[in-house]
Amino acid sequence: MKKIPILIGFLAVLCSIGCNSHKEEKHEEETFQVTTPVRIDTSFTKEYVCQIHSIRHIELRAMEKGYLKNIKVDEGQHVEKGQLMFQIMPNIYQAELQKAKAESEAAKIEFENTKLLADSDVVSPNELALSKANYDKAQAEVNLAQTHLGFTDVRAPFSGIMDHLEVREGSMLEEGELLTSLSDNSKMWVYFNVPEAEYLDYMMNTRNDQQQNVNLLLANNKKFDQDGVVETIEGEFNNETGNIAFRATFPNPKGILRHGETGNILMTIPLKNAMLIPQKATFEVLDKRYVFTVDKENVVHQTEIKTGAELPHLFVVESGLKENDRVLLEGIRMVKNNQEIHAEMEDPNEVLANLDLYTE
């Protein structure tokens, strides 16, 4: 019977050792990493949806009505300035030119005869002036007929790329009818809308003689191989959206960009003395962003913050934190407000280095 108390005591010792071991393991699991915000000069890239336009994009229309005799070009073809593109049947206009020339020649002969008579005082100076006016009128009719005939040949006003053909050979054209479009893609104008607050930041941080370089992210999620420059800003804000349009110009030596494409403008925005914290240290509740700060007694407090720019793995803190505040870095889902924890301080610079931050 004496063996039973001894056995019970032995089991109690084992239980005590096991419990203490369990508590030590649990104590190790409750050690949390904390760090502080960092202030540095850096930059971030802002994306804006954009529309890509040719530097010159026009509609080619028939200046005269008539039968479309020839189409000398094809859709998507590159044409040179002055190249013949369309030819409207010129017969009627050639006949009108011949008629005008004949009438001009008759008026010229009449004027010369009248001048001889005026030199001999046979006719009055008024008759000479009237004959001269008739001759000038006939000459003007020649020029007009020549112009109408010239409009039967539609030539490229500049070098560019043709769009879709709106007519076919044999079509009966009306004056002003659309033939095709022509785009000069040597340079491209890229338009993007900027909110008012970001516009003000841009204007306050950019000198008048300084041009902002930008990049273009294409629809296939690849960056265009040429850099662009912001050249102009429109004069008025859109009252409905609160945005203002910027225009960047990109060289297009390989002809990759075409009129009507879309993409995203990538603009690098510098940040001076920005306060940064890791994104993983934050959480959201009802559209508000929070962190857990840790006081001197190692008690955590749910603290609301306001963030600005978003960098890779980082947020810029605009308000809610001070530089010496300790912020819970890991395990934000494992603690509760006003809970006491065992905190282990991490060097903030090493934390940022592990997040692959790019700084200037």
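**Cut-offs at work in a predicted model**

Modeller: At 11% relative accessibility, Thr293 counts as buried.

Biologist: Why is Thr293 called buried?

Modeller: Buried means under 20% relative accessible area, exposed over 50%, and partly exposed in between (1.4 Å probe, protein chains only). Thr293 has 11%, so it counts as buried. This is a predicted model: local features need pLDDT of at least 70, side-chain atom pairs count only at pLDDT 80 or more, and totals for chains, interfaces and linings use all residues. Residues are numbered from 1 along each chain as its sequence is written, and side-chain values use heavy atoms, leaving out hydrogens and water.

Biologist: Where does Thr293 lie, and what does it touch?

Modeller: Thr293 lies in strand β15, residues 288-294. Helices (H or I, at least four residues) and strands (E, at least two) are DSSP runs, numbered from the N terminus. Leaving out residues up to four places away in sequence, Thr293 touches Val299, Val300, His301, Thr303, Leu321, Arg326 and Val327. Contact means heavy atoms within 4.5 Å.

Biologist: Is Asp295 buried, exposed or partly exposed, and how do you know?

Modeller: The value for Asp295 is 25%, so Asp295 counts as partly exposed. Asp295 lies in the loop between β15 and β16. It touches His301 and Arg326, not counting residues up to four places away in sequence. Asn70 is 225 residues from Asp295 along the chain, and their C-alpha atoms are separated by 85 Å.

Biologist: What does Lys46 count as, and at what relative accessibility?

Modeller: Lys46 is at 28%, so it counts as partly exposed. Its strand is β2. Beyond residues up to four places away in sequence, Lys46 touches Glu198, Ile265, Leu266, Met267 and Ile269. Lys46 and Val214 are 168 residues apart along the chain, with 10.0 Å between their C-alpha atoms.

Biologist: What makes a group of residues a nonpolar core?

Modeller: Its members are buried Ala, Val, Leu, Ile, Met, Phe, Trp, Tyr and Cys, joined through side-chain atoms within 4.5 Å. The largest core here has 21 residues. Phe192, Leu216, Val230, Phe246, Phe250 and Ile265 have the most contacts inside it. At least two residues of this core come from each of β2 (38-61), β9 (178-195), α4 (196-205), β10 (213-218), β12 (243-251) and β13 (262-278). A second, separate core has 18 residues, including Ala62, Ile71, Ile88 and Leu182.

Biologist: Which residues is Phe250 in contact with?

Modeller: Leaving aside neighbours within four places in sequence, the contacts of Phe250 include Val190, Leu216, Phe224 and Ile265.

Biologist: How is the aromatic pair of Phe283 and Phe292 described, and why?

Modeller: Rings of Phe, Tyr and Trp (its six-membered ring) pair if their centres lie within 6.5 Å; planes under 30 degrees apart are stacked, over 60 edge-to-face, and the rest tilted. Phe283 and Phe292 are 5.0 Å centre to centre, with 35 degrees between the planes, so the pair is tilted. Phe283 and Phe292 are both buried. The structure holds nine aromatic pairs. One aromatic cluster is formed by Tyr48, Phe192, Tyr199, Tyr202, Phe237 and Phe246.

Biologist: What makes a charge sit over a ring?

Modeller: NZ of Lys or CZ of Arg must be within 6 Å of the ring centre and within 35 degrees of the ring normal. Arg56 lies over the face of Phe158, 4.3 Å from the ring centre. Arg247 lies over the face of Trp189, 3.9 Å from the ring centre.

Biologist: What is the volume of the largest pocket?

Modeller: Its volume is about 690 Å³. On a 1 Å grid over the protein atoms alone, a pocket is an open set of points where a 1.4 Å probe fits, with protein on both sides within 12 Å along at least five of seven lines; lining residues have an atom within 4 Å of a point. Points join across faces, edges and corners, and volume is the space filled by probe spheres set on them.

Biologist: Which residues of the lining lie nearest the centre of the largest pocket?

Modeller: They are Phe44, Asp201, Ile269, Pro270 and Leu271, out of 27 lining residues. β13 gives the most to the lining, with six residues.

Biologist: What is the phi of Asn221, and is this residue buried or exposed?

Modeller: Phi is positive, about 65 degrees, although Asn221 is not a glycine. Asn221 has a relative accessible area of 60%, so it is exposed. Its place is the loop between β10 and β11 (228-233).
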